[in-house]
Amino acid sequence: MAVHPWKHHVDRFCRQFLQLEQGLDFPPAEYLKLDAVQELIFQRLFADDALVYAPPDRYRLKTLKALVARIEASIDDWDEHAVSDNLMSLLPVLLSAPQTSEAASVQQKHYVTYSLSLLNHGSGDSDEVPSITLLENRSLISAGGTTGLRTWEAALHLGQYLCQNPSVVTGKRILELGAGTGYLSVMCAKYLSCGHIIASDGSDDVINNLPDNLFLNNLQDSPLVTPMDIKWGHALVGTEDQQWNEGQAIDVVLGADITYDKSNHPALVGTVLDLFALHPDVEVYIGATQRNEQTSQFFLDTCQRAGLAVDGLEYPVLPREEQQGPFYNDRDNIHIYRVSRL
């Protein structure tokens, strides 16, 4: 079946919309004026039965208004082209619907769907690209100070690395440190055939949020994922535990965006050392966005003082214009480290 030249532009736009991106890449004007393009966008994003977990109404309205304006600007011959009746009919419906204030909206959790384009090995029809839907808040930091209620860039980047190197996790027993929204844990269980994964975090808010995100990805009853409260720097084996994790092996440790606060580095490294003591052959991979060079260096120095070697893996961030999903910042360096004992 022939693929239309505009298809990948529509795919990319739809995937960005579902990820609640603020800077959407609308299809070029030459395609946007086409009836087929407008109808496909409507059917995939705005029709009543299009989405099980839709973006918030404020975001839908903002996007629809911008879309209609761009379509109108793209039309040079109104006898030949027009704005879709479906899109135009929906606009007053959304405009008249009660809207949550922007101040209230930023305090709420919303559905965010990340497209895993690297796992799309099917035909040219890429509508059904594998995806992960999470309930998260892009703005809120909880009372406990956690940033784990949203998915950060380093998790998306480490996830891309795992999609291209699935042997790192396939069939393995995994521990994710600082799981946050559970993005990596869900990916490993849902798509990368891990043996089992522990989605751990030290925040009660985050741990309480995880069951919702497992449910959204049909993993609520899965034996593959176990949420666990792990506070870095605290002994893994307590006074009542004869063996941590009932003595079960851990093959791989994952962590993403867990090095942003250098005050946590000693505790984090202490937990990694405990894991090496329990599982000498464990492989540790950490994704880290370099927001501050001093903080990044402090983590490396803390590891070195503890007898740990940190090797940077060559895996650059894809330029933004080449990303097909998930979409994330290409301006900051995002490192993927492999940590081992010296």
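Me: Isoleucine 198 in β4 is the bridge partner of leucine 175. What makes β3 and β4 count as paired strands?

Reply: Two strands pair if DSSP finds at least two bridges between them. Strand β3 (residues 173-177) and strand β4 (residues 196-201) share four bridges and run in the parallel sense, so they meet that requirement. The chain gets from β3 to β4 through helix α8 (residues 183-190), in a right-handed β-α-β crossover. Right-handed here means that, with the strands pointing away from you, the path from the first strand over the helix to the second runs clockwise. The helix and strand names are DSSP runs numbered from the N terminus (helices are H or I with at least four residues, strands are E with at least two).

Me: Before we go on, what kind of model is this?

Reply: A predicted one: local features need pLDDT of at least 70 and side-chain atom pairs pLDDT 80 or more, while totals for chains, interfaces and linings use all residues. Residues are numbered from 1 along each chain as its sequence is written, and side-chain values use heavy atoms, with hydrogens and water left out.

Me: Which other strand does β3 pair with, and over how many bridges?

Reply: Strand β6 (residues 252-256) runs parallel to β3, and four bridges join them. In β6, leucine 254 stands opposite glutamate 176. Strand β3 is also mostly covered, with four of its five residues buried.

Me: Why is arginine 60 called buried?

Reply: Its relative accessible area is 14%, and buried means under 20% (exposed is over 50%, partly exposed in between, using a 1.4 Å probe and protein chains only), so the label follows. Arginine 60 is in helix α4. Among the residues that arginine 60 touches are Phe17, Phe46 and Leu90, where contact means heavy atoms within 4.5 Å. Phe17 and Phe46 also form one aromatic cluster with Tyr59.

Me: The structure holds eight aromatic pairs. Why is the one between tyrosine 53 and tyrosine 111 called tilted?

Reply: Their centres are 4.9 Å apart and their planes stand at 45 degrees. Rings of Phe, Tyr and Trp (its six-membered ring) pair if their centres lie within 6.5 Å; planes under 30 degrees apart are stacked, over 60 edge-to-face and the rest tilted, so this pair is tilted. Tyrosine 53 is in the loop between α3 and α4 and tyrosine 111 in strand β1, so the pair ties together parts 58 residues apart in sequence.

Me: What makes arginine 150 a charge sitting over the ring of tryptophan 152?

Reply: The charged end of arginine 150 is 4.1 Å from the ring centre. The rule asks for NZ of Lys or CZ of Arg within 6 Å of the ring centre and within 35 degrees of the ring normal. Lysine 262 also sits over a ring, that of phenylalanine 298, at 5.6 Å from its centre.

Note on methods: Lists of a residue's contacts leave out its neighbours within four places in sequence.
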